[in-house]
Amino acid sequence: MTNDMPETTPPKPAATRRLPLVIGAVLVGAVLGYVGISSLKRPTGDVACNGAVGLAKKIAPLAQGEVAALTMATTPLRLPDLTFEDANGQTKKLSDWRGKTVLVNLWATWCVPCRKEMPALDSLQTKLGGKDFEVVAINIDTRDPDKPKNFLKDANLTNLGYFSDQKAKVFQDLKNIGKALGMPTSVLVDPQGCEIANIAGPAEWASDDGIKLVKAAVQPASAGF
């Protein structure tokens with residue numbers, strides 16, 4: 001006796017049926033992940049900044065004690081031409097300081113570590129500020145423009161020039177290249193606008209450690225480098 005019923009294929013286990021879907025999802029996720037990662041802005045090497053990387057390597061042993069948290073540049077990077085305003089509301093750009101070593105600092109009155117760091121920055125400007133070096137501290141308060149000015153006045157911090165960016169675009173510009181991860185943030189910049197070092201967080205810039213490092217960055221020959 002024969003079986004006239006048509007042959008049927010046994011159903012595949014559920015796990016087997018789901019396997020192509022899982023593989024497809026993994027592939028899609030990998031593609032999206034690649035697109036997301038590749039869309040991030042990364043610092044690109046600027047051969048004109050090789051000298052700054054070389055200097056960073058030479059003075060790296062001085063990043064100790066009160067300035068041990070500094071990260072020395074290992075990739076040549078020219079900073080974006082940050083735009084902000086001076087105390088008179090006039091537009092300033094980082095390129096206005098070409099030919100001078102600069103410590104760019106971003107601060108705000110709502111940032112407690114920033115406020116604590118300001119006296120050290122003011123003292124650093126007093127000790128080393130001049131034709132070869134300047135502290136450019138940029139306030140990024142976005143509301144009351146008088147508040148940071150009053151803070152500096154009340155704290156008797158009179159040696160720092162007043163600079164501000166009420167849109168906080170300077171922070172975003174540095175964040176886009178991985179140089180602003182929090183507040184305060186500081187970047188030591190050579191006379192060509194290239195990064196020498198950066199730090200996320202406060203530092204005792206006017207300490208012996210801070211003075212030695214900045215002096216070496218400004219005048220490496222005099223410091224024996």
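Trainee: Which residues line the second largest pocket?
Mentor: L128, G130, K131, D132, F133, K215, V218, Q219, S222 and A223. Bear in mind that this is a predicted model.

Trainee: What volume does the second largest pocket have?
Mentor: About 150 Å³.

Trainee: And how do the residues of its lining divide?
Mentor: The lining of the second largest pocket has 4 nonpolar, 3 polar and 3 charged residues.

Trainee: OK, now the largest pocket. What is its volume?
Mentor: The largest pocket comes to about 320 Å³. It is lined by 23 residues. F84, E85, S164, D165 and Q166 are the closest to its centre.

Trainee: Which element gives the most to that lining?
Mentor: Strand β2, with 4 residues. At least two residues each come from β2 (83-86), α4 (146-154) and α5 (169-176).

Trainee: How many of the lining residues there are charged?
Mentor: In the largest pocket, 10 are charged. Another 7 are nonpolar and 6 are polar.

Trainee: Switching to the fold. How many helices and strands are there?
Mentor: The protein has 6 helices and 8 strands. Along the sequence the pattern reads α-α-β-β-β-β-α-β-α-β-α-β-β-α.

Trainee: In what order do the strands sit in the sheet?
Mentor: The order is β1-β8-β7-β4-β5-β6-β2-β3. The sheet is open, and its pairing is mixed.

Trainee: Which are the edge strands?
Mentor: β1 (71-72) and β3 (91-93). Each of these two pairs on one side only.

Trainee: What about β4 and β7, parallel or antiparallel?
Mentor: β4 (residues 101-107) and β7 run antiparallel, joined by 5 bridges. In that pair, L103 stands opposite L188 of β7.

Trainee: Disulfides next. How many are there?
Mentor: The count is 2 disulfides. One joins C49 to C194, with S to S at 2.0 Å. The other joins C111 to C114, with S to S at 2.2 Å.

Trainee: What is the pairing in sequence order?
Mentor: Numbering the bonded cysteines along the sequence gives 1-4, 2-3.

Trainee: Take C49 and C194. Left-handed or right-handed?
Mentor: The torsion about their S-S bond is about -65 degrees, so this disulfide is left-handed.

Trainee: Where do C49 and C194 lie?
Mentor: C49 is in the loop between α1 (14-38) and α2 (50-59), and C194 is in the loop between β7 (185-189) and β8 (195-200). The pair therefore ties together parts 145 residues apart in sequence. Both C49 and C194 are buried.

Trainee: And the handedness for C111 and C114, left or right?
Mentor: The S-S torsion of C111 and C114 is about 80 degrees, so that disulfide is right-handed.

Trainee: Are C111 and C114 buried or exposed?
Mentor: C111 is buried, at a relative accessible area of 5%. C114 is buried too, at 0%.

Trainee: How much of the whole protein counts as buried?
Mentor: 41% of its 225 residues.

Trainee: What is L174 in contact with, neighbours within four places aside?
Mentor: L79, L82, L106, K179, A180 and V187. Take L79: L174 and L79 are 95 residues apart in sequence, but 7.9 Å apart in space, C-alpha to C-alpha.

Trainee: Now the backbone. Is the peptide bond from M183 to P184 cis or trans?
Mentor: The bond is cis, with omega near -5 degrees. P184 is in the loop between α5 and β7.

Trainee: What is phi of N156?
Mentor: Near 60 degrees, a positive value in a residue other than glycine. N156 sits in the loop between α4 and β6 (163-164). N156 is exposed, at 56% relative accessible area.

Trainee: And A168, what phi is given there?
Mentor: Phi of A168 is near 60 degrees, again positive in a residue other than glycine. A168 lies in the loop between β6 and α5.

Trainee: Buried or exposed, that A168?
Mentor: A168 counts as buried, at 18% relative accessibility.

Conventions: Residues are numbered from 1 along each chain as its sequence is written. This is a predicted model: local features need pLDDT of at least 70, side-chain atom pairs count only at pLDDT 80 or more; totals for chains, interfaces and linings use all residues. Side-chain values use heavy atoms; hydrogens and water are left out. On a 1 Å grid over the protein atoms alone, a cavity is a set of points where a 1.4 Å probe fits but cannot get out, and a pocket is an open set with protein on both sides within 12 Å along at least five of seven lines; lining residues have an atom within 4 Å of a point. Grid points are joined across faces, edges and corners, and a volume is the space filled by probe spheres set on the points. Ala, Val, Leu, Ile, Met, Phe, Trp, Tyr, Cys and Pro count as nonpolar, Asp, Glu, Lys and Arg as charged, and the others, Gly among them, as polar. A disulfide is a pair of cysteine sulfur atoms within 2.5 Å. Buried means under 20% relative accessible area, exposed over 50%, partly exposed in between (1.4 Å probe, protein chains only). Two strands pair if DSSP finds at least two bridges between them. Contact means heavy atoms within 4.5 Å.
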